[in-house]
Amino acid sequence: MRVTDEQHGISAPSRPRAVAEVLGIVAAAMGALWIAGSIPQWRQWEQATLGGPWLVQILAFMVIPLLAVRLLGLRAGRLGVTFGDLARPIEAALTALAVLGPASGLAFWLLAILRWSSFDWPGGLVLAAVYACCLPLTGMVIRKVRPGTADSLRPAHVGIAVAVLLAAAIVSAVTSPAVPLISSVLLALLVVGPGEELLFRGIVQTRADHVFGRPWRLFGADLGWGWILASVLFGAAHYLSPSAPGHGGWALWTVAAGLVFGYIRAKGGSFVASGLVHGMLLAVAAVFA
């Protein structure tokens, strides 16, 4: 049976098929990370040449998801992967950062004082509580932001994004021997944060919304089971991450953070809103780490 998403004006597959699609895309992305992680020579080459895992991260969180969307006959723009109408996503992101920036900074500062790790359960519980509190606070400050309405991914915009990533990778390669911090910041800001948001809040959350709908209204945002599914998969991906697998505390607080990012994505109208917030938080963390 096929259903129709009224907001997007497109037909959607059955719910089991849509869930299978997003699970397959996430599995492919995680598989790429694990394969790359199992090749020490590749990791060493990327670190020595580019200053970090630029190619692997771009492949896992950008190339594979967008290629899968293309093969499935979907439109990336209608999955929230669009750079059109940037004013509203940027407004939502910068306003949300007024809450999330100080809250995240204080939370990680507290963990440092207590000598708790963000990977383990005590630290994970603290961070999960902080992000749970940030959700209504963020909702209150951006509740009046109207989501962007762009629903296409223009070739020109893709070209600009590729050029920015290429330039950043070159800067990273040139500066990493003397100033490795530059590579860490650029990688977090332009690849890891936006890439994870493209996959989880763009493709997973929006694709699930097409079939499950968005029956809930929270601080001016229309949300549904796609919001929950994307957040749970986001936490699961961290639990299964080849860089530090099996950390339940990490998985717990990333689920909570995913709920906040998913709300910001819904309010901003595209993955750009949550991608900017996610990237900025990771970039600041890279500086202080």
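Reader: Which residues touch the most other members of the largest nonpolar core?
Author: Happy to start there: in this core of 62 residues they are L100, Y131, L199, F200, Y263, I264 and V277. A nonpolar core is a set of buried Ala, Val, Leu, Ile, Met, Phe, Trp, Tyr and Cys residues joined through side-chain atoms within 4.5 Å. Another core, of 11 residues, lies apart from it and includes L165, A168, V191 and V192. The model is predicted, with local features needing pLDDT of at least 70 and side-chain atom pairs pLDDT 80 or more, while totals for chains, interfaces and linings use all residues. Residues are numbered from 1 along each chain as its sequence is written, and side-chain values use heavy atoms, without hydrogens and water.

Reader: Why does C134 count as buried?
Author: Its relative accessibility is 2%, and buried means under 20% relative accessible area (exposed is over 50%, partly exposed in between; 1.4 Å probe, protein chains only). So C134 counts as buried.

Reader: What makes α2 roughly perpendicular to α3?
Author: Helix α2 (residues 40-50) and helix α3 (residues 54-71) pack at about 110°, their axes 8 Å apart. Roughly perpendicular covers 65 to 115 degrees (under 35 is roughly parallel, over 145 roughly antiparallel, the rest oblique), so α2 is roughly perpendicular to α3.

Terms used: Axes fitted to C-alpha atoms, helices over the stretch in contact; angles between N-to-C directions. Helix = DSSP H or I, 4+ residues; strand = E, 2+ residues; numbered from the N terminus.
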